[in-house]
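The sequence and the structure come next.

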Amino acid sequence: MTIAEVSKKYNLSPDTLRYYERIGLIPAVHRNKSGIRDYTEEACKWVEFIKCMRSAGMPIEALIEYVALFAQGDETIEERKDLLIEQRRLLAEKMEEIRATIERLDYKIEGYEKGLVIKEKELREMEE
């Protein structure tokens with residue numbers, strides 16, 4: 001796949017894809033005889049993984065570490081697993097913070113709705 005096709009498929013700009021390649025998040029992308037990037041299925045899987053992890057808030061530095069560990073082979077499986085467990089823990093923490101924020105917003109919205117009901121009741125009484 002060309003960079004334009006990968007860009008469209010994963011909704012990432014070509015600049016972002018080149019950046020990910022330059023910093024080592026995506027293994028070096030094969031180029032055809034004309035020098036145009038030709039993304040393999042494996043490269044696309046990395047793009048998909050990186051996009052998913054970034055969407056979840058995983059920092060670039062943690063992803064760089066993960067990819068570097070992956071490149072070292074099976075002896076780093078435990079370290080990679082630990083890295084993902086830590087990122088999962090951080091994401092679960094963030095989810096809890098978001099849940100608490102939603103509860104607070106719901107409480108505030110409910111207060112406004114109750115206030116509106118009271119105001120409507122007062123207006124009706126004034127009209128009577």
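## Packing of α1 and α2

Axes are lines fitted to C-alpha atoms, for helices over the stretch in contact, and the angles between their N-to-C directions run from 0 to 180 degrees. The model shown here is a predicted one. In it, α1 and α2 pack with their axes 9 Å apart and at an angle of about 105°, and because angles of 65 to 115 degrees count as roughly perpendicular, α1 is described as roughly perpendicular to α2.

On the α1 side this contact is made by Ile 3, Val 6 and Ser 7, and on the α2 side by Pro 14, Leu 17 and Arg 18. Sorted by class, the residues in the contact of α1 with α2 are four nonpolar, one polar and one charged.

The loop between α1 and α2 contains Asn 11, which has a phi near 55°, a positive value in a residue other than glycine. Asn 11 counts as exposed because its relative accessibility is 64%.

## Packing of α4 and α5

Helix α4 covers residues 60-72 and helix α5 covers residues 77-127; their axes come within 9 Å and cross at roughly 160°. Since an angle over 145 degrees counts as roughly antiparallel, α4 is roughly antiparallel to α5. The crossing of α4 and α5 is left-handed.

The residues of α4 that make the contact are Ala 62, Glu 65, Tyr 66, Leu 69 and Phe 70, and they meet Glu 79, Arg 80, Leu 83, Leu 84 and Gln 87 of α5. By class, the contact of α4 with α5 consists of six nonpolar, one polar and three charged residues.

Ile 77 also belongs to helix α5, and with a relative accessibility of 45% it counts as partly exposed. The C-alpha atoms of Ile 77 and Tyr 66 are separated by 10.0 Å, the two residues being 11 residues apart along the chain.

## The nonpolar core

Which residues have the most contacts inside the largest nonpolar core? They are Leu 17, Tyr 39 and Val 47, in a core of 23 residues. The elements that give two or more residues to this core are α1 (3-10), α2 (14-22), α3 (41-55) and α4, and among these α3 gives the most, with six residues.

Leu 17, already named in the contact between α1 and α2, touches Ile 3, Val 6, Ser 7, Leu 12, Ile 26, Tyr 39 and Val 47 when residues up to four places away in sequence are not counted. Two of these partners, Tyr 39 and Val 47, are themselves listed with Leu 17 as having the most contacts inside the core.

Leaving aside neighbours within four places in sequence, Ile 50 is in contact with Tyr 20, Leu 25, Leu 63 and Val 67.

Asn 32 is placed in the loop between α2 and α3, and at 33% relative accessibility it counts as partly exposed. The C-alpha atoms of Asn 32 and Ala 92 are separated by 42 Å, and the two residues lie 60 residues apart along the chain.

Definitions and conventions:
Residues numbered from 1 in each chain as written. Predicted model: local features only at pLDDT ≥ 70, side-chain atom pairs only at ≥ 80, totals over all residues. Heavy atoms only, no water. Helix = DSSP H or I, 4+ residues; strand = E, 2+ residues; numbered from the N terminus. Parallel < 35°, antiparallel > 145°, perpendicular 65-115°, else oblique. Left-handed = near helix turned anticlockwise from the far one by under 90°. Contact = heavy atoms within 4.5 Å. Nonpolar A, V, L, I, M, F, W, Y, C, P; charged D, E, K, R; others polar. Core = buried A, V, L, I, M, F, W, Y, C linked by side-chain atoms within 4.5 Å. Buried < 20%, exposed > 50% of the residue type's maximum accessible area, 1.4 Å probe, protein only.
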